[in-house]
Amino acid sequence: MKLYEYEAAELFLKKNIPYPDFKVVSNPEEAVTAADIIGLPVVLKAQVLVGGRGKAGGIRMAESLSEVKTLAEQILSINIKGERANKLMVAKAYRPQAEKYVAFILDKTHERHLLLVSSSGGIDIETSVASGSEIILKVPIDPLLELQDYHVRRAVSFLGLKNENAKTCSKIIRSLYEIYRELGCELVEINPLAVINDSELLALDAKIVIDDNAVRKYGLSFVREALGPEEEARRLGINYVELDGNIGIIGNGAGLTMATMDLVKHYGGSPANFLDIGGGANTETMFNAVSLLLKSNKVRVILVNVLGGLTKCDEVAAGIVKALNMTKTNKKIVIRLVGNREEEGRKILRDNGLEYYDSMEEAAKKAVELSIINS
Amino acid sequence: MGILIDDRTNVMVQGITGKEGRLHTEAMLNYGTKIIAGVTPGRGGTEVFGVKVYDSVEEALSSHPEINTSIVFVPAQNACDACYEAIDAGIKLIVVITEGIPIHESLRLITYARAKGSRIVGPNCPGIITPSKCKVGIMPERLFSPGPVGIVSRSGTLTYEVAMSLTNVHIGQSTAIGIGGDPIIGTSFIDALEMFRQDSSTKCVVLIGEIGGEAEEMTAKYIRQVKYEKPVIGYVAGRTAPIGKRMGHAGAIISMGIGDAHSKIEIMKIAGIKVAQTPSDVVKLVISSLT
């Protein structure tokens, strides 16, 4: 789960990582009041979760209160890479002498923690790391060892910071590591870490991505607006991802469901979604899954692919029938049902006039065919 | 033969008194797996399907020193603690079924396990089956049959799909191992391939990957480097997955320019892996590599 900048900044402040004075507002009038209290100039920052908001016009500097009002209106009304900001951060603006980069990241490939630092702040770390850039220092941290002084010394020395700023930077790195470990983050990042003068550093942005399993296990709560069917599915305990096509996909198990999507594409169709009912799904889960897709305007054909291991085919079949009986629809449904209690499940389908397939390839072909006729 | 488990495998079930633990203990016993003991702190002295339950791994081992394998059904809240207890008691093979363990915790766990010489399989995996001999996992056993094909997979149901398709044409499996859908796992494709390489009953290996991470890429590199002698048939799920979206499994996400299916498939092909376009093509490629 990615945090909004202001959520991450609040966590930074709790750990004494210096951040410019800021307020979070939701309309231009509040922005003006906030700017007046904080003192001009200020920077207005759209609170969105997509990257690259600066280039998309989501970050603007304001020198006067009238400018604050105009720019706040603008930022709140524009589409930022498919997202609209409901909140703005109004922060004191600074002109740094230099910008650095500091982050902790979980290196999944090499199974370790990494402290990343760079003397060039504002860089796009994803491309720089991928290209093996020399402006970045990677300090590997053994999971059993945790962060040691020497790790921090290496990073600070690479950044070329001296005296007071070197001390502050060491503290910032330690605090950042505490946040990273305590919340179970995949990434914590200060980009840029601004050198304001010889004795002042400030984090000018805050990025935190927490592992979803950690969010659940530690009971962390961050308020999120409902985001359509993906949010509805999440509440129902179903894994759901929205796609562009017109064939709704329901499968059991992440791999099988992805493979079903791929097959649809292979035969020339286009998947409308990924919906994984998970292991051991029952009538209720399947009912919810089919009902969710029946509500969708873009789905023309629903393709169900269930290989019952723990999942019982008769329960799945009952869920499909129940959902279809409750909604009048002109959508077509194609079902592949094999495995645990297969015969019982197929009988339920037959009794309700539904066809079924043995092989997922045959079912996918049929779904693609119907999607062309039914579009 | 087969790898990791066989008829000498003596299993302890951690979290045996929970719903999942009970369900699968019964299924494993019916399959013929030797389940020697169960452990649930606070439930010592009870029994589950005739299997004695102990409060601690230490107590279970002192009564049953023949235990050499553990399967863990303990919920995410306490799963790592259960694994550490098994590692410190000297158990060398620990299969972790539990889903939802934070990656920071699994990272620490697998690092510690390696340092102590214990192998973790999983977490978030369906386990291992050596057909007709032993099952330490949750897979539907009737889809599997004994034979020459090793299967290693990041996905549970796709493993079942492939095993069932093979069994339907009378091609059995030496061992099938689900390594798990999390980003950090204890046993990699490479670990499994190395074991299948040494196993004389395995004639070819099916490797089922998916989007996310670099496991398939690293495996391709390994296969090239060691000039892997047995045919490897690959499949990668998620060719149509969008960037930045988690597809069911915690590890199934294309992010930071890493993990898309097409680049995995290309690298696998270069390494000499025969990559199937569809799950049923896997069977065709297995047949052609066995003849």
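This note goes through a predicted model with chains A and B, covering sheets, helices, the interface and some local backbone features.

1. Sheet in chain A. Chain A has an open sheet of 4 strands, ordered S1-S4-S2-S3 and paired in the antiparallel sense. Its edges are strand S1 (22-25) and strand S3 (59-62), each of which pairs on one side only. On average, neighbouring strands here are turned by 20 degrees against each other, direction ignored.

2. Pairing of S1 with S4 in chain A. Strand S4 of chain A covers residues 88-92 and pairs with S1(A) over 4 bridges, in the antiparallel sense. Within this pair, A:Val24 stands opposite A:Met89, the latter being in S4(A). As background, strands of a sheet pair through backbone hydrogen bonds, either parallel or antiparallel.

3. Helices on the chain A sheet. Which strands does helix H1 of chain A touch? Helix H1 (residues 5-14) packs on the sheet and touches S1, strand S2 (42-46) and S4 of chain A. The direction of H1 makes about 145 degrees with that of S1(A). Helix H4 (residues 65-77) of chain A also packs on the sheet, where it touches S2, S3 and S4 of chain A. The angle between the directions of H4 and S3(A) is about 170 degrees.

4. Sheet in chain B. In chain B, 7 strands make an open sheet with mixed pairing, in the order S9-S8-S11-S10-S12-S13-S14. Strand S9 (134-137) and strand S14 (274-275) of chain B each have a single partner strand, so one side of each has no neighbour in the sheet. A parallel pair is formed by strand S12 (residues 204-210) and strand S13 (residues 232-237) of chain B, over 6 bridges. B:Leu207 has B:Gly234 of S13(B) opposite.

5. Helices in chain B. Helix H9 (residues 279-290) of chain B lies across strand S10 (146-153), S12, S13 and S14 of chain B, and runs at about 170 degrees to S13(B). Two other elements to look at are helix H6 (residues 189-198) and helix H7 (residues 215-225) of chain B, which pack at an angle of about 35 degrees with their axes 9 Å apart. H6(B) contributes residues including B:Phe189, B:Ile190 and B:Leu193 to this contact, and H7(B) contributes residues including B:Met218, B:Tyr222 and B:Ile223. The contact of H6(B) with H7(B) divides into 7 nonpolar, 1 polar and 3 charged residues.

6. Interface of the chains. How many residues does each chain give to the contact? Chain A gives 51 residues and chain B gives 54. The buried area between chain A and chain B is about 4300 Å², and carbon and sulfur atoms give 63% of that.

7. A salt bridge joins the side chains of A:Glu186 and B:Arg246, at 3.5 Å from N to O. Helix H10 (residues 254-266) of chain A supplies 10 residues, the largest share of the side of chain A that touches chain B. That side of chain A is made up of 21 nonpolar, 13 polar and 17 charged residues.

8. Salt bridges overall. The count over all chains is 34 salt bridges. In chain A, A:Glu342 forms a salt bridge with A:Arg346, with the closest N and O atoms 3.8 Å apart. Where do these two stand relative to each other? Both are in helix H13 (residues 342-351) of chain A, and because A:Glu342 and A:Arg346 are 4 residues apart there, about one helical turn separates them.

9. Backbone points to check by eye. Most residues other than glycine have a negative phi, and most peptide bonds are trans. The peptide bond between A:Leu40 and A:Pro41 is cis, with omega about -10 degrees. A:Pro41 is in the loop between helix H2 (28-38) and S2 of chain A. Another cis peptide bond joins B:Gly122 and B:Pro123, with omega about 5 degrees. The loop that holds B:Pro123 runs between strand S7 (119-121) and strand S8 (127-130) of chain B. B:Leu4 is not a glycine, although its phi is positive at about 65 degrees. This residue, B:Leu4, is in the segment before strand S1 (10-14) of chain B.

Definitions and conventions
Residues are numbered from 1 along each chain as its sequence is written. Chains are lettered from A and ligands numbered from 1 in the order in which they are written. This is a predicted model: local features need pLDDT of at least 70, side-chain atom pairs count only at pLDDT 80 or more; totals for chains, interfaces and linings use all residues. Side-chain values use heavy atoms; hydrogens and water are left out. Two strands pair if DSSP finds at least two bridges between them. Axes are lines fitted to C-alpha atoms, for helices over the stretch in contact, and angles run from 0 to 180 degrees between N-to-C directions. Contact means heavy atoms within 4.5 Å. Ala, Val, Leu, Ile, Met, Phe, Trp, Tyr, Cys and Pro count as nonpolar, Asp, Glu, Lys and Arg as charged, and the others, Gly among them, as polar. Buried area is the accessible area (1.4 Å probe) that two parts lose on being put together, summed over both. A salt bridge is a side-chain nitrogen of Lys or Arg within 4 Å of a carboxyl oxygen of Asp or Glu.
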